[in-house]
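Hi everyone, thanks for coming.

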Amino acid sequence: NLSSLDQVLFTLADLQNCFQEQIRLQGQVRILEHRVKQQQLKIIWLLEKKEIQYSDRGDEKSVIDLGEKRQYSDCAEIYNDGHKQSGFYKMKPIQSPTEFLAFCDMSEGGGWTVFQRRSDGSQNFDRVWTDYEEGFGNFVSKNGEYWLGNKNLHYLTNQGNYTLRIDLTDFEGERRFAQYARFRVAGEEYSYEMNCGEYSGTAGDSLTGGFHPEVKWWADHRGMKFSTRDRDNDNYEGNCAEEENTGLALFIVFAICP
């Protein structure tokens, strides 16, 4: 027969096992809930993608040719010269060896040079270092997805004091934005290190870690080098670029303006 002490210890062990099993089951429930949510978002994304493709049929190209009258260094110069229509324009920053096309957003005060746009999932952003350095994507369609290229982004931000603006739209159509003063991208020899100043906006501060003091040590991206799945430059023990290759908002636009 078990003594009273043995019975108490046996009961406590059973309670501990039950508690651990409860924690394990709760963890599995959270994983399943997350998977269901991801599937729901994917369904919504596919429906939104069809709507975007349908609405974009009537405006396949939005390249605006200004001729060879003068050379512009960014979208702000184009806007200030009287061109108020949003679209793709040729530009050549001061130190850039060649011209390139970039989308100029003439809303929100005008003159915003868009260097990244994600709208419909048509482009694969899980790319290697060379792709991100040179740029990739659709540089003619109004809603085309693209990355302007780290080289071009360096040439643009190195010629003056620029403000970074990030516009996001969620699956319900709600729009938010974030702005950062003094945005700059260093050259290739510094692995395109990013720096920026103060945050303002409605989307929350995800670049400087200002949303909570306890996470600032890992959430502050200032002074961080660019990383891709084939060139790991982050401070994390793994490879952030390889692990975070999906999951961005459906509509996201990065733009800069002096």
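Ser96 is buried, at a relative accessible area of 2%. Buried here is under 20% relative accessible area, exposed is over 50%, and partly exposed is in between, with a 1.4 Å probe and protein chains only. Along the chain, Ser96 and Leu156 are 60 residues apart, and their C-alpha atoms are separated by 8.3 Å.

A word on what you're looking at. This is a predicted model, where local features need pLDDT of at least 70 and side-chain atom pairs count only at pLDDT 80 or more, while totals for chains, interfaces and linings use all residues. Residues are numbered from 1 along each chain as its sequence is written, and side-chain values use heavy atoms, with hydrogens and water left out.

Now the overall picture. The protein has six helices and 10 strands. It runs to 258 residues, and 35% of them count as buried. Take the contacts (heavy atoms within 4.5 Å): among those with a separation of 6 or more, 53% are between residues 24 or more positions apart.

On to the cysteines. How many disulfides does the structure hold? There is one disulfide, the term being a pair of cysteine sulfur atoms within 2.5 Å. Cys75 and Cys104 form it, with their sulfur atoms 2.0 Å apart. The angle about the S-S bond is -80°, and the link is left-handed. Cys75 lies in helix H2 (residues 75-80) and Cys104 in strand S2, so the pair ties together parts that are 29 residues apart in sequence. Cys75 is buried at 0% relative accessibility, and Cys104 is buried too, also with 0%.

Why is Cys257 too far for a bond? Its sulfur is 8.3 Å from the closest cysteine sulfur, which is in Cys75. Cys257 is buried, at 9%.

Last topic: the aromatic rings. There are 15 aromatic pairs in the structure. Rings of Phe, Tyr and Trp (its six-membered ring) pair if their centres lie within 6.5 Å; planes under 30 degrees apart are stacked, over 60 edge-to-face, and the rest tilted. Phe125 and Phe136 have ring centres 5.3 Å apart and planes at 65°, so that pair is edge-to-face. Phe125 sits in the loop between strand S3 (112-118) and helix H3 (129-134), and Phe136 in strand S4 (residues 136-137), so parts 11 residues apart in sequence are tied together. Phe125 and Phe136 are both buried.

Tyr132 and Phe226 make a tilted pair, 5.3 Å centre to centre with 50° between the planes. Tyr132 lies in helix H3 and Phe226 in the loop between helix H5 (216-219) and helix H6 (240-243), so this pair ties together parts that are 94 residues apart in sequence. Both Tyr132 and Phe226 are buried. Ring pairs also link a cluster, including Phe115, Trp129, Trp147 and Phe254.

Finally, charges over rings, meaning NZ of Lys or CZ of Arg within 6 Å of the ring centre and within 35 degrees of the ring normal. Lys84 lies over the face of Tyr79, 3.6 Å from the ring centre. Arg117 has its charged end over the ring of Phe103, 4.5 Å from the centre.

Conventions. Helices (H or I, at least four residues) and strands (E, at least two) are DSSP runs, numbered from the N terminus.
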